[in-house]
Amino acid sequence: MTKEEVKSPELQSSNAPASSRSTTGNQQGQPSQHQTTTAETAPTINIVLFGETGVGKSSVINLIAGKTIAKVSADVDGCTMASTKYDIRVNGASYTVYDTVGLEEPQMGVNGYFDAIEKAHNLIRSLSETGGIHLLLFCMRGGRITATVQSNYRLFHEFLCNKQVSIALIFTGLEREQKMEDWWYRNHKNIEKYGIHSRGHACITAVQDPDDPDQVAKYEESRETLLALLQGCTKDGTPMVMDTTNWLAMFLWRMKSLLPKKRHPKPKDYTRILIKRCNMEPEAAERVAALIKRGVVDQKTPHPPNS
Ligand SMILES: Nc1nc2c(ncn2[C@@H]2O[C@H](COP(=O)(O)OP(=O)(O)OP(=O)(O)O)[C@@H](O)[C@H]2O)c(=O)[nH]1
Ligand SMILES: [Mg+2]
């Protein structure tokens, strides 16, 4: 099981040595029925887990893995689209989960957009090199649906995945519910009213408290729910994949709709950022910039919506 920041091509394409992949089961206080295993032959399923800072993404990674592999706390790098990659083998399945920071506000500033270009390039390159996206996991705190939640849904489901990838919702922080699933019955109509549609959901707690038997039981139940969700949502799916250039251009073209119109970058701004911060060759950077300018991204995918 490995953690890799999605930063350099070397890091992205490399996998951990086999010796470090195998895991030895669960740690103290963790559920015991889902032993993590070495599953060298299973095809890897790429999952992009996203959500606002602090909603519990890293805790969810640990819940899936059955042990602590991700650092729980506010991340230093809270830049939108910043991503850390974890390889998790559990119940005979091989998941690569990209823990990805979403938006903190419904819209973006131009500096945030430029920072996000670099991060998005790293993420997209890693995904296109490793077979694309099988599933989106949208992590939220069980609570109000805000404009930021809606923007994050669009950013990942529509802008990054062209509405072609199944999305499942995870609601954390539900340990106070007697039955965590009750939260969904009370709130699902509201969620759908905001245009958020999903293939499945999990109402969970991702926080551990070994001293509280009720919390231990709920944590264990949450893991069951989450693993069943992953299995159910990925069993028949083919990944969505594009080549890096078209994928990046499609995403950046769409993402600029989150900027005020008068702050939309010019082609030379894209070229500069892609060369300087993403280490792209000038020709490749100009190709991406030209695609963004034309708003034509890939003949096989619909044109990006007008911004
Ligand atoms: N009560 C409660 N707290 C939770 C739950 N899940 C996570 N937390 C807490 O929320 C805080 C943030 O959790 P993280 O898992 O680090 O959240 P994150 O989304 O990875 O945060 P960033 O990496 O900063 O984006 C920690 O203090 C967790 O213990 C939950 O289900 N219930
Ligand atoms: Mg985190």
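This is a short walk through one protein chain and the ligand beside it, and the model is a predicted one.

Let me start with the overall picture. The protein chain has 10 helices and seven strands. It runs to 307 residues, and 42% of them are buried. Now look at contacts with a sequence separation of 6 or more. Of these, 76% join residues 24 or more positions apart.

Next, the strands. Begin with strand 4, residues 93–101. Seven of its nine residues are buried, so call it mostly covered. Strand 4 pairs with strand 2, residues 44–51, in the parallel sense. That pairing has eight bridges. One of the bridge partners to find is Ser94 in strand 4, which goes with Thr44.

Strand 4 also pairs with strand 3, residues 83–90. Here the two run antiparallel, again with eight bridges. Val90 stands opposite Ala93 of strand 4. Strands 3 and 4 form a hairpin, with two residues between them. Look in the turn for Asn91, which has a positive phi of about 50°.

Now to strand 6, residues 166–172. How many of its seven residues are buried? Seven of the seven. Ser166, Ala168, Ile170 and Thr172 point one way. Ile167, Leu169 and Phe171 point the other way. Both sets are buried. Strand 6 runs parallel to strand 5, residues 135–141, and seven bridges join them. Within that pair, Phe138 stands opposite Leu169.

Phe138 comes up again in the core. The largest nonpolar core has 81 residues. Which of them touch the most other members? Ile64, Leu136, Phe138 and Phe251 do. Helix 8, residues 244–255, gives this core its largest share, eight residues.

Stay with Leu136 for a moment. Set aside its neighbours within four places in sequence. Leu136 is then in contact with Val48, Phe156, His157, Cys161, Val165 and Ile167.

Back to helix 8. Ten of its 12 residues are buried. Among them are Trp247, Leu248, Phe251 and Trp253. Asn246 and Arg254 are buried in helix 8 too. What do the buried residues of helix 8 pack against? They pack against helix 4, helix 5 and helix 10. The length of helix 8 also checks out. At 1.5 Å a residue, its 12 residues should span 16 Å, and the end C-alpha atoms are 16 Å apart, so the two agree.

Helix 4 covers residues 110–129, which is 20 residues. From first C-alpha to last it reaches 28 Å, close to the 28 Å expected. Its buried residues include Tyr113, Ile117, Leu123 and Leu127. Lys119 and Arg125 are also buried there. Just after helix 4 comes Gly131, with a positive phi of about 105°.

Ile273 lies in helix 9, residues 267–276. Why is Ile273 counted as buried? Because 22 other C-beta atoms lie within 10 Å, and the cut-off is 20 or more. Leaving out residues up to four places away in sequence, Ile273 touches Phe114 and Ile117. Ile273 and Glu118 are 155 residues apart in sequence. In space they are 7.8 Å apart, C-alpha to C-alpha.

Two loop residues are worth a stop. Most residues other than glycine have a negative phi. Lys163 has a positive one, near 60°. Lys163 sits in the loop between helix 5 and strand 6. It has 13 C-beta neighbours inside 10 Å, so it counts as partly exposed.

The other residue is Asn279, in the loop between helix 9 and helix 10. Asn279 is not a glycine, yet its phi is positive, about 55°. Buried or exposed? Asn279 is exposed, because 12 other C-beta atoms lie within 10 Å and 12 or fewer is the limit.

Last, the ligand. Ligand 1 has 19 residues around it. Which come nearest? Gly56, Lys57, Ser58, Ser59 and Ala206. The largest share of the shell, three residues, comes from helix 3, residues 57–65. By type, the shell divides into six nonpolar, 10 polar and three charged residues.

Definitions and conventions. Residues are numbered from 1 along each chain as its sequence is written. Chains are lettered from A and ligands numbered from 1 in the order in which they are written. This is a predicted model: local features need pLDDT of at least 70, side-chain atom pairs count only at pLDDT 80 or more; totals for chains, interfaces and linings use all residues. Helices (H or I, at least four residues) and strands (E, at least two) are DSSP runs, numbered from the N terminus. Two residues are in contact if their C-beta atoms, placed from the backbone, lie within 7 Å. A residue is near a molecule or strand if its C-beta atom, placed from the backbone, lies within 6 Å of it. Ala, Val, Leu, Ile, Met, Phe, Trp, Tyr, Cys and Pro count as nonpolar, Asp, Glu, Lys and Arg as charged, and the others, Gly among them, as polar. The expected span of a helix is 1.5 Å times one less than its number of residues. Two strands pair if DSSP finds at least two bridges between them. A nonpolar core is a set of buried Ala, Val, Leu, Ile, Met, Phe, Trp, Tyr and Cys residues joined through C-beta atoms within 7 Å.
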